[in-house]
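Work through the exercises below with the model open. Each task is followed by a solution in steps.

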Amino acid sequence: MGTYKKEISGWGGLAKGESNLARPERIDDIKEKGHVYSARGLGRSYGDASLNTGNETILMERLNRFLEFDKSSGVLKAESGVSIKDIVKTFVPKGFFVPVTPGTKEATLGGCLAADVHGKNHHKDGSFSEHVVEFEILTPNGLKKRVQRKDEELFNATAGGMGLTGIITEITLKLLPIETPFIKTMHTPCTSLEDLLAHLSENGKNERYSVAWVDLLSTKRGVRSIAMSGDHLLKEELINFSKIKADFEPGEFQVPFHFPSFTLNAMGQKLFNALYFHVQKRKKTFLSSLESFFYPLDKLKNWNRLYGKRGFYQYQFVVPEKGSEIAIKKVLETLQKRKCPVFLAVLKKFGKENNGYLSFPKDGFTLTMDIPGNYPGLFALLDNLDEIIMEHEGRVYLAKDFHLGPAAFRSMYPRYEIFNKLKKKIDPEFLIQTDLSRRLKIGYP
Amino acid sequence: MKKGLVIILGATSAIAKGAAVEFAARGYPLVLASRDKRELSRLASDLSIRYDVRVESAGFDAMDTSSHPAFFDSLAKREEIEGALIAFGAMKKEPMTFQDQEEIIRVNYLGAVSALSALSSLFSKQKKGFIIGLSSVAGDRGRQSNFVYGSAKAGLSTYLDGLRNKLYPLGIHVMTVKPGFVDTAMTFGLPGLFLVADPKDVGRKIVESLDKKKDVVYIPGFWKWIMLIIRGLPEKLFKRLKL
């Protein structure tokens with residue numbers, strides 16, 4: 001397997017480093033190593049989680065085959081380099097969606113498990129690892145292990161384990177059956193943070209998907225936001241939407257309902273456009289395509305490049321519900337006082353935390369913010385924000401992190417000791433490391 | 001119209017995979033052949049899940065020419081075969097032993113000749129079919145960095161010309177594909193490459209070129225012009241270059 005030295009970077013453009021890259025075309029190409037290495041999927045983590053400066057980085061993107069699919073149960077077994085995009089493209093026409101999807105389709109299954117990604121439905125459906133039936137992992141001593149939920153230690157160390165327990169090679173995932181490729185969406189504008197938090201808490205009980213886009217650039221008269229909620233449109237409901245006056249001929253409304261033939265093909269697209277453009281005029285409820293509801297940013301391919309050379313830092317944290325309003329207000333005040341612009345901000349309600357030792361989501365509210373990378377004193381500012389977060393028993397998302405130190409990490413992830421024990425067992429020679437793991441001293445005594 | 005079987009030899013190579021995807025997407029049942037049976041079955045599962053076509057895998061070793069008659073005989077007994085793609089190849093890094101060189105010649109030329117001659121009689125009996133041979137721009141002119149591989153591919157290209165000529169009256173189309181630099185395991189990490197193409201795109205373009213019944217096609221197309229220039233350089237000049 002040929003390798004070559006190249007600089008790779010995190011998605012935010014701030015973390016960079018030169019690695020020895022290898023790109024296996026099949027899982028068997030990955031041999032036992034006598035040196036430090038790590039794996040990388042599509043490189044969507046924002047900081048240094050997928051970097052391994054000065055060492056070997058195995059690019060998993062070509063290990064992307066579907067291995068088995070059971071139509072009746074929706075259980076899919078695939079190589080870890082398969083992307084969410086792959087799954088959406090292949091299985092939506094067959095009547096299945098991803099049970100948990102991050103904000104981008106360009107993420108591999110291996111990466112999703114390693115970061116234990118969450119979606120707009122965390123409060124109802126938990127995070128990615130909770131839908132993984134089992135997975136296969138190549139441990140540092142060259143063993144191929146099949147890990148099921150009952151193999152608690154290795155399962156829970158790998159879910160959210162940032163790739164540090166081994167190379168994830170195959171994942172078995174239970175897909176979500178859907179009846180149409182539409183999401184019935186509702187937008188609710190909110191005029192204050194208080195309002196928004198209350199709304200999101202309430203909403204959590206009803207809708208499957210719920211998230212809020214927050215405008216932090218104009219906070220003169222309180223924090224404005226749009227809370228977005230939705231759920232998959234059922235076949236029978238499609239008929240309801242058609243009862244609204246629409247600009248298409250009654251004859252055209254002959255949607256073939258039996259999957260796998262229902263796709264956004266020419267007919268579906270016409271229908272969708274007709275409904276979408278008409279319903280937009282109605283006040284609150286309308287139909288979104290899966291693409292626009294879940295992946296609005298993917299449309300701007302390489303949207304991170306819009307930030308240009310300065311790059312950007314994405315800061316995402318979670319704080320428990322109790323005291324969350326105060327914590328978030330303090331964070332916003334700090335940013336305002338320092339005149340730090342926040343370009344994109346998203347707020348969601350999280351459900352319970354799972355058993356992943358280093359998994360990020362826990363019950364409370366999570367706020368995600370894009371801060372320009374060239375903001376002077378950025379890291380000092382982030383340290384201040386960390387203090388507020390830690391004071392309120394919250395934590396920062398490792399998949400986006402590029403500034404935490406070991407002390408902050410240990411304080412935010414109290415189960416790190418259990419993780420370290422397992423890490424020592426499975427990787428006694430400490431071969432799997434990343435820039436992130438060295439920065440946070442994960443696995444160090 | 002029922003779609004016949006498409007056979008892909010050397011199916012686990014990146015370009016072959018790209019072509020397999022395109023054929024599968026068009027609904028052709030496939031037989032994928034290579035030495036790596038385990039990888040083949042994974043590939044077969046993937047294509048049949050994605051495209052709902054029948055995909056089988058079979059063991060095939062280009063170098064082991066004595067095994068070829070049996071392999072092609074078993075194929076002949078099957079349902080109608082739409083066509084075949086010869087996509088196996090081998091390249092070695094310098095410094096090379098004679099054994100390495102022999103392998104390059106055996107796989108890229110001898111193995112291909114064996115397979116092509118068997119396919120030729122198979123299609124002649126059927127009186128229809130297509131054959132796609134994967135050669136290379138390296139065969140257009142011997143250059144110091146890759147001339148053993150280049151000479152084997154040059155041999156293959158000339159053989160394919162002759163085969164195309166021979167099978168034309170029978171209505172069997174023979175297409176020679178000459179890829180330029182492609183981003184595969186063969187080239188990953190090699191210095192001095194430029195304008196490297198995505199194997200998925202190359203695979204797709206192969207099938208599209210077949211649609212247009214091209215005879216000799218460079219993929220990506222601009223390599224036609226590059227090689228025209230390269231071939232046009234007088235030897236007195238070319239021998240001094242370090243390509």
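**Exercise 1.** How many salt bridges does the rule find across the interface of chain B and chain A?

*Solution.* The model is a predicted one. Step one is the count: the rule finds 10 salt bridges across the interface of chain B and chain A. Step two is to check one of them. The side chains of Arg62(A) and Asp183(B) come to 3.7 Å, N to O. The pair qualifies because the cut-off is 4 Å between a side-chain nitrogen of Lys or Arg and a carboxyl oxygen of Asp or Glu.

**Exercise 2.** Describe the side of chain B that touches chain A.

*Solution.* Start with the residues: 19 from chain B and 25 from chain A take part in the contact. Together the two chains bury about 1900 Å², with 43% of this on carbon and sulfur atoms. Next, polar contacts: the rule gives 14 residue pairs across this interface, both residues at pLDDT 80 or more. Then assign elements. In chain B, α1 (14-25) and α2 (37-51) each supply at least two residues of the side that touches chain A. The largest share, eight residues, comes from α2(B). Last, sort by class: this side of chain B has nine charged, six nonpolar and four polar residues.

**Exercise 3.** Which residues of helix α3 of chain B are buried, and why do they line one face of the helix?

*Solution.* First list them: in α3(B), residues 68-76, the buried ones are His68(B), Phe71(B), Phe72(B) and Leu75(B). Viewed down the axis of α3(B), these buried residues fall within an arc of 85 degrees, so they line one face. Finally, find the cover. The buried residues of α3(B) are covered by elements of chain B including β1 (5-9), β2 (30-34), β3 (55-59), β4 (81-86) and α4 (98-126).

**Exercise 4.** Locate the cis peptide bonds listed here and the residues with positive phi.

*Solution.* Take the peptide bonds, then phi.

- Glu94(B) to Pro95(B) is cis, with omega near 0 degrees; Pro95(B) sits in the loop between β4 and α4 of chain B.
- Ile219(B) to Pro220(B) is cis, with omega near -10 degrees; Pro220(B) sits in the loop between β7 (216-219) and α7 (223-232) of chain B.
- Phe430(A), in the loop between α12 (416-426) and α13 (435-440) of chain A, has phi near 55 degrees. Phe430(A) is partly exposed at 23% relative accessible area.
- Leu195(B), in the loop between β6 (173-179) and α6 (199-211) of chain B, has phi near 50 degrees. Leu195(B) is partly exposed at 48% relative accessibility.

Key:
Residues are numbered from 1 along each chain as its sequence is written. Chains are lettered from A and ligands numbered from 1 in the order in which they are written. This is a predicted model: local features need pLDDT of at least 70, side-chain atom pairs count only at pLDDT 80 or more; totals for chains, interfaces and linings use all residues. Side-chain values use heavy atoms; hydrogens and water are left out. Contact means heavy atoms within 4.5 Å. Buried area is the accessible area (1.4 Å probe) that two parts lose on being put together, summed over both. A polar contact is a pair of N or O atoms within 3.5 Å; within protein, one must be able to donate a hydrogen and the other to accept it, and residues adjacent in sequence count only if both atoms are side-chain atoms. Helices (H or I, at least four residues) and strands (E, at least two) are DSSP runs, numbered from the N terminus. Ala, Val, Leu, Ile, Met, Phe, Trp, Tyr, Cys and Pro count as nonpolar, Asp, Glu, Lys and Arg as charged, and the others, Gly among them, as polar. Buried means under 20% relative accessible area, exposed over 50%, partly exposed in between (1.4 Å probe, protein chains only). The arc is that of the directions from the helix axis to the C-beta atoms.
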